Amino acid sequence: MTTEETARTGAEPQAEREHDVFAQLCPSREMFAELADKWSLLILMSLSACGPQRFSELQRGVGGVSRKMLTQSLRNLERSGLVLRTVFPETPPRVVYDLRPLGRELAELVTPLGHWTERRARQMLAAREEFDAAHPEGSR
């Protein structure tokens with residue numbers, strides 16, 4: 001990658017990077033795909049905004065997520081070192097989810113994306129309507 005390309009894309013030259021999300025077999029690509037699913041990012045944003053939460057609080061906060069998908073996403077986030085699951089020895093046991101430092105760092109990066117999406121949703125919806133009107137269902 002040339003210096004100009006680095007400046008334009010913000011990417012480091014391949015020789016200086018340990019991982020490359022564009023490389024088909026790089027493990028970072030799988031991690032990127034897991035993080036890019038809609039539930040993972042919303043969970044991180046909820047934990048960032050509201051602090052530590054129990055499972056049911058997270059499920060209410062992230063509207064529309066099923067128990068199965070929330071469980072699966074939380075396990076993936078925990079496995080990747082982004083979320084901390086703490087079980088308190090009470091009867092019944094109380095389980096709380098919180099961000100680890102790595103998860104907090106990522107949440108700080110994606111939260112502005114969520115806010116941008118909220119601000120620009122009306123424009124994107126209008127663009128979709130315009131596109132759909134110009135491209136009948138069969139030609140998409």
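Student: What joins strand 2 to strand 3?

Tutor: A hairpin does, through five residues. This is a predicted model, in which local features need pLDDT of at least 70 and side-chain atom pairs count only at pLDDT 80 or more, while totals for chains, interfaces and linings use all residues. Residues are numbered from 1 along each chain as its sequence is written, and side-chain values use heavy atoms, with hydrogens and water left out.

Student: How many helices and strands are there in the chain?

Tutor: Six helices and three strands. Both are DSSP runs numbered from the N terminus: helices are H or I with at least four residues, strands are E with at least two. From the N terminus on, the elements run α-α-α-β-α-α-β-β-α.

Student: How many bridges join strand 2 to strand 3?

Tutor: Six, with strand 2 covering residues 83-88 and the two strands running antiparallel. Val83 stands opposite Leu99, Leu84 opposite Asp98, and Thr86 has Val96 as its bridge partner.

Student: And over how many bridges do strand 1 and strand 3 pair?

Tutor: Two, also in the antiparallel sense; strand 1 is residues 53-54. Gln53 stands opposite Tyr97 there.

Student: What is in the loop between strand 2 and strand 3?

Tutor: Pro92 lies in that loop. The peptide bond joining Thr91 and Pro92 is cis, with omega about -5°. As background, most peptide bonds are trans.

Student: Changing topic: how many salt bridges does the structure hold?

Tutor: One, where a salt bridge is a side-chain nitrogen of Lys or Arg within 4 Å of a carboxyl oxygen of Asp or Glu. The side chains of Arg94 and Glu90 form it, at 3.2 Å from N to O.

Student: Now the inside. How many residues has the largest nonpolar core?

Tutor: It has 21 residues, and those with the most contacts inside it are Ile43, Leu44, Leu74, Val83 and Tyr97. A nonpolar core is a set of buried Ala, Val, Leu, Ile, Met, Phe, Trp, Tyr and Cys residues joined through side-chain atoms within 4.5 Å.

Student: Which elements supply at least two residues of this core?

Tutor: Helix 3 (38-50), helix 4 (55-61), helix 5 (67-79), strand 3 (94-99) and helix 6 (101-134). Helix 3 gives the most, with six residues.

Student: What is Tyr97 in contact with?

Tutor: Leaving aside neighbours within four places in sequence, Tyr97 is in contact with Leu47, Pro52, Gln53, Arg54, Phe55, Leu58, Leu74, Val83, Leu84 and Arg85. Contact means heavy atoms within 4.5 Å.

Student: Where is Ala107, and is Ala107 buried or exposed?

Tutor: Ala107 is in helix 6. It is buried, with a relative accessible area of 0%. Beyond neighbours within four places in sequence, Ala107 is in contact with Leu44, Ser48 and Leu99. Ala107 and Leu47 are 60 residues apart in sequence and 8.4 Å apart in space, C-alpha to C-alpha.

Student: Which residues form a nonpolar patch on the surface?

Tutor: Val21, Phe22 and Phe32, with about 350 Å² of accessible area together. Patches are made of residues with over 30% relative accessible area and no salt bridge; like charges are joined within 9 Å, and nonpolar side chains (Val, Leu, Ile, Met, Phe, Trp, Tyr) within 5 Å. Val21 lies in the loop between helix 1 (3-9) and helix 2 (27-35), and Val21 is partly exposed at 33% relative accessible area.

Technical notes. Buried means under 20% relative accessible area, exposed over 50%, partly exposed in between (1.4 Å probe, protein chains only). Accessible areas come from the Shrake-Rupley method with a 1.4 Å probe; for residues, only the protein chains shown count as cover. Two strands pair if DSSP finds at least two bridges between them.
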